[in-house]
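Please have the structure open as you read.

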Amino acid sequence: MSHTMDKPTENPEEDTVSLKSNGRTPTNGDAKEALGIMKTFRNSIRRAAEKSPLKGSKVTAKGDESGLKPPPSPSLSSGSPASSPLKNIGGIFQKKEEDEAEGSSQKSKGLPRSKTDPNMTRFGDSLLQRGESIRRSLKLGKKSKDKNCNRELVTVSEGSVEEKEVDKVEEEVVVVEEEIEEAYTLPEIPHTPLSVMQINKLIEMEVLEEAHLNLLALRREFQQEQERCGDDSPMELAKKEKDLSLLYGDLRNKINTIVRDSNSLPSRNKALLVPVARIIQEEERRAEEPGGLSGSWMESWREAVGEGVKVKVESVHLEKKEQNASWLAVHLGRLGKAIVEDLEKVKKELRWSYPPSFKVFSTYVKSYHRVVGQHLKKLERQVTELKDLFALLDWIVNRYKSERIMGSPSLQPDMEDESTDLQLEDDLLRQLKDKYCCRVKEDTSASLDRVTELENKEVWTDGQTPERDDEDLPKSHIDMDIWTNIKGTVVNSRRIDAELEQKVTSSCLQELKQFPKRFEAEFRSHCSARRPQPLWTEYQITYINSFTALQGHMEGYRDACPDEVEAFRKEVKWLIVRLSQDLEDEFKEDVKPFLRRMMTRKWLTSDDDFKQLLLRTDLLSQHCSRMRPPQVQEFASRLHHHVAKEYVGQLMKSNYSCKNRKHEKAAGKIREQWGELRDLFVEMRSTNEWLHPVGDDLSDIITQTNKTTIKEHLQPIVEHYPDFSKKHLVAVLYFRGLLRGREHQLILQRLSELKKKLGDGGGDRSRVLFGDMQVTVNTDCLSNLPFSCLSCLLPDS
């Protein structure tokens, strides 16, 4: 038989490479592409030889197109896409080379047999067979129906990657990514397995197909011996069972390592995944047969995938919080990016190395759900600040399932049937929400304290006059500072969910409820000792306005937290009452000496005291005009009532009695002064209009020259003020100068008749004026009256 000999090379281990091009001259691009394929193929052969336990031996295989080649080595999927460790090359070759291999095996030179270990020869032959198998398995994907896509591998000879180049290339290799088929044909299992040491070496070198076939052969021997021995198990059988267990354990560990690292080292481990998948399939099929490894191989594969995902997640850089204030947000951003990139690799690369039943993409997605959930649990222990708690909650609830990560367009449509929810441990989400609410309360309390500190530093300490707003009203920033802070916190929590929003709102309002009293205590402590009166008054009015505005802002949360809003409203109300009461008390104390001298001889001849009363009331009116509704009306109304009661009350003290027709002058003065006070309180927006007539009603009684006509002017005051009684009328008549006599008795009798006729309206305490006045009975004028007359002057029973 004639042979076509290749040109010899300097290296005896190298073969010669030549490719026929069917009469066509390849282009430069074709040559470069084929060169890359040949280099990859050469590296595969070289690695197999270098990993061989017989590394020192030389393997040579010469021949031509019609020459003999070594017989093919057993392979899990010889001739199928699953068997190729170079699957990603995607080359499509014709069957011709396999046909040529039928006759060439007779001329192939094998390894010299060892005199001491016949298995070593078989092992060397096995490596040669594996090399041939690798050559034959370069056909990847399904055969193209297009005849122009046919490729023909003629002769393969290995040379140095650095020194050799391919001279001729048939055509460009087309890269096709297709999922490998579910079904496969198991190659023939060796009749005699390699030794335990050799199989172990194959596993170490990741020659997994050969290792597994020999393991199956060893397992078959074990099963046959077990059947022969029955219940009587000799030591040799027990040793073989132990060897099987150890070898299978090593194989599973090696497979798990490859799977774990497959996405981190895709270029190294990707080609190994095809035999890994077939081994797992075969072992799952043989799970019930004796001699195998306990536990599911498929489940072990899923665990290995999870371990790889865990390595990927833990490799994402995490800075220390002391080094970067945004440590968590940055880490979560990097984590999301790493997840998407990893799943993109799974989708584009790894999934094609497995049969459909493995559901590779789905397995990786589920692993990320679980592993990321565990990772977040660890992060939760380190998170203490509100911004970090929010970042973690927002990432879990919103970002993880958004288009940034699991909803990424690059992962579609594979994610359409997948869940996007994390698998969180130990009710982590509820714990995070509770922790978030507790932190909200702490931060709200601290921010309220800072508001008080800032007010003391910028206003109280330096005695700064409060700023004015567009309406010329004194203002403080405390209400806007507090409202803005709380609103921001509530709005952020709304981005998580409605439940958290309600809890956060409640937490904020619970802390805010304590603020009015704390603020008041600090205010009094810092300002009461050194307060200048006008400035102190402005501060009080400013804070009345500020807390009124703050309470109005909080009303917006009444639907969500009605009890908390109502509790805060009551606290604000009592703060405003106390601040207003301070203003009232100061005013009352200020005008007390001037009011005390009303309805006296000096008053009748001088207007000085009334002018001072009017001046101080007008000054307070100016301050009151800077209060916001409804506080200004309530405050003015209380002052109006106080001034009216004290002014009229001087008549009840019987300090002065008008004689010699001075009562007409006194009545005119009362009418005039009361008109000025009335106009002033109207300007202050007092709501006590019912007090307006009292000055005119009393003036009408006092001004009457004819005593008998006084009876005719009693009805208005009785109608306007049902609490006007006999003792009050006696005091008014005393001021009028009518001390005794028959007309005096008739006037009192007429009052009784009117009160009986009109009824007693003293039930409305909001309109009590005379009932709260102290009446002083002048005993000098009563000393000459009979006892029967005295009874008429005593207070009503």
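Asp243 is buried, at a relative accessible area of 16%, while its salt-bridge partner Lys239 is partly exposed at 47%. Please keep in mind that this is a predicted model. The salt bridges come to 50, and the disulfides to zero.

**Salt bridge within a helix**
- Asp243 and Lys239 meet through their side chains, with N to O at 3.4 Å.
- Both residues lie in helix 6 (residues 235-261), four residues apart, so about one helical turn separates them.

**Salt bridges between distant parts of the chain**
- Asp394 pairs with Arg495 at 3.9 Å, N to O. This pair joins helix 12 (residues 386-399) to the loop between helix 14 (478-494) and helix 15 (498-513), across 101 residues.
- Asp394 is buried at 5% relative accessibility, whereas Arg495 is partly exposed at 43%.
- Arg518 and Asp449 form a salt bridge whose closest N and O atoms are 2.6 Å apart. Here helix 16 (residues 515-527) is linked to helix 13 (residues 428-460), with the partners 69 residues apart.
- Arg518 is partly exposed at 27%, and Asp449 is partly exposed at 34%.

**A salt-bridge network**
- Salt bridges link Asp427, Arg430, Lys433, Asp434, Asp497, Glu499 and Lys503 in a network.

**Cysteines**
- For Cys437, the closest cysteine sulfur belongs to Cys438 and is 7.1 Å away, too far for a bond.
- For Cys508, the closest cysteine sulfur is that of Cys437 at 8.9 Å, again too far for a bond.
- Cys437 is buried at 9% relative accessible area, and Cys508 is buried at 0%.

Key:
Residues numbered from 1 in each chain as written. Predicted model: local features only at pLDDT ≥ 70, side-chain atom pairs only at ≥ 80, totals over all residues. Heavy atoms only, no water. Disulfide = S-S within 2.5 Å. Buried < 20%, exposed > 50% of the residue type's maximum accessible area, 1.4 Å probe, protein only. Salt bridge = Lys/Arg side-chain N within 4 Å of Asp/Glu carboxyl O. Helix = DSSP H or I, 4+ residues; strand = E, 2+ residues; numbered from the N terminus.
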